[in-house]
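Thank you all for coming. I would like to take a few minutes to walk through one structure, from its overall layout down to individual side-chain pairs.

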Amino acid sequence: TGGGGGITQVKSVTDTVRHTTGSVSLNQTYADTPFAVTLTPTSSSNLMLISGFFMGEPSTNEHQVHFAVKRAISGGSTTIIQGEAAGVRGTCISVPNQGYFADNNDSTPFNISFNGLLDSPSTTSAVTYTMVVRLASGSGTLYYNRTVSDGNDVGKERGLSWLTVMEVSA
């Protein structure tokens, strides 16, 4: 009682978005994925607990794909939540787990997940969190919820991706 830490609201991408397949054009600038959630905090001192999961496959090397979360406050600032900059190193939340790679970018999807990411937007304005992605170098295409080669074959998996944000009372 009165100690805080309770979940006051939960928002997640809709089932339509979770099940949709598609692609995102990639270069060295973060691009929005369709995995975005908007909520309006009930108190400026509350925290946002963010978790996400992405399943897909790039048309280039997986280890060059960087994921982060973009926070956009209605009528305010936009911030990329990512690791600290240090020299020319890539900053991100994470890169995909590297599985077996034998130059077959048509049937070896990867996944990335993060949970327990806490954010303090310090506002009661609407906040939109979007999973964003970029390449360390070059350009390419990232296919989500599917493999690059989306043929009707048991080796061409389909998956689900999502982003969930929970408001935690202070």
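I will begin with the basis of the model, then take the whole chain, the strands and the salt bridges in turn.

This is a predicted model, in which local features need pLDDT of at least 70 and side-chain atom pairs count only at pLDDT 80 or more, while totals for chains, interfaces and linings use all residues. Residues are numbered from 1 along each chain as its sequence is written, and side-chain values use heavy atoms, with hydrogens and water left out.

Let me start with the whole chain. The protein chain has one helix and ten strands, where helices (H or I, at least four residues) and strands (E, at least two) are DSSP runs numbered from the N terminus. Read from the N terminus, the order of elements is β-α-β-β-β-β-β-β-β-β-β. The radius of gyration, taken over C-alpha atoms, is 17 Å, close to the 15 Å that the globule rule gives for 170 residues, so the chain is as compact as a globular protein of that length; that rule is 2.2 Å times the number of residues to the power 0.38. Along the principal axes, the C-alpha atoms fill a box of roughly 55 × 40 × 25 Å. Of the 170 residues, 41% count as buried, where buried means under 20% relative accessible area, exposed over 50%, and partly exposed in between, with a 1.4 Å probe and protein chains only. If we take the contacts (heavy atoms within 4.5 Å) with a separation of 6 or more, residues 24 or more positions apart account for 85% of them.

Now to the strands, which pair if DSSP finds at least two bridges between them. Four strands form an open sheet in the order E3-E8-E5-E6, with antiparallel pairing. Strand E3 (31-39) and strand E6 (78-81) stand at the edges with a single partner strand each, so one side of each is left without a neighbour in the sheet. Within this sheet, strand E5 (residues 65-73) and strand E8 (residues 127-135) pair over nine bridges, and Lys70 stands opposite Thr130 in E8.

Which strands pair with E9? Strand E2 (residues 22-26) pairs with E9 in the antiparallel sense over five bridges, with Thr141 of E9 as the bridge partner of Ser25. Strand E4 (residues 47-58) is also antiparallel to E9 and is joined to it by three bridges, and here Pro58 has Leu142 as its bridge partner. Strand E9 (residues 140-144) is itself mostly covered, four of its five residues being buried.

Finally, the salt bridges, each defined as a side-chain nitrogen of Lys or Arg within 4 Å of a carboxyl oxygen of Asp or Glu. By this rule the count comes to four, and I will describe some of them.

Arg18 forms a salt bridge with Asp15, with the closest N and O atoms 3.1 Å apart; the two are three residues apart in helix H1 (residues 15-19), and are thus separated by about one helical turn. Asp119 and Arg71 meet in a salt bridge at 2.7 Å, N to O. Asp119 lies in strand E7 (residues 110-119) and Arg71 in strand E5, so the pair ties together parts that are 48 residues apart in sequence, and both Asp119 and Arg71 are buried. Asp150 and Arg158 form a salt bridge too, again 2.7 Å from N to O; Asp150 is partly exposed at 29% relative accessible area, whereas Arg158, at 54%, counts as exposed.
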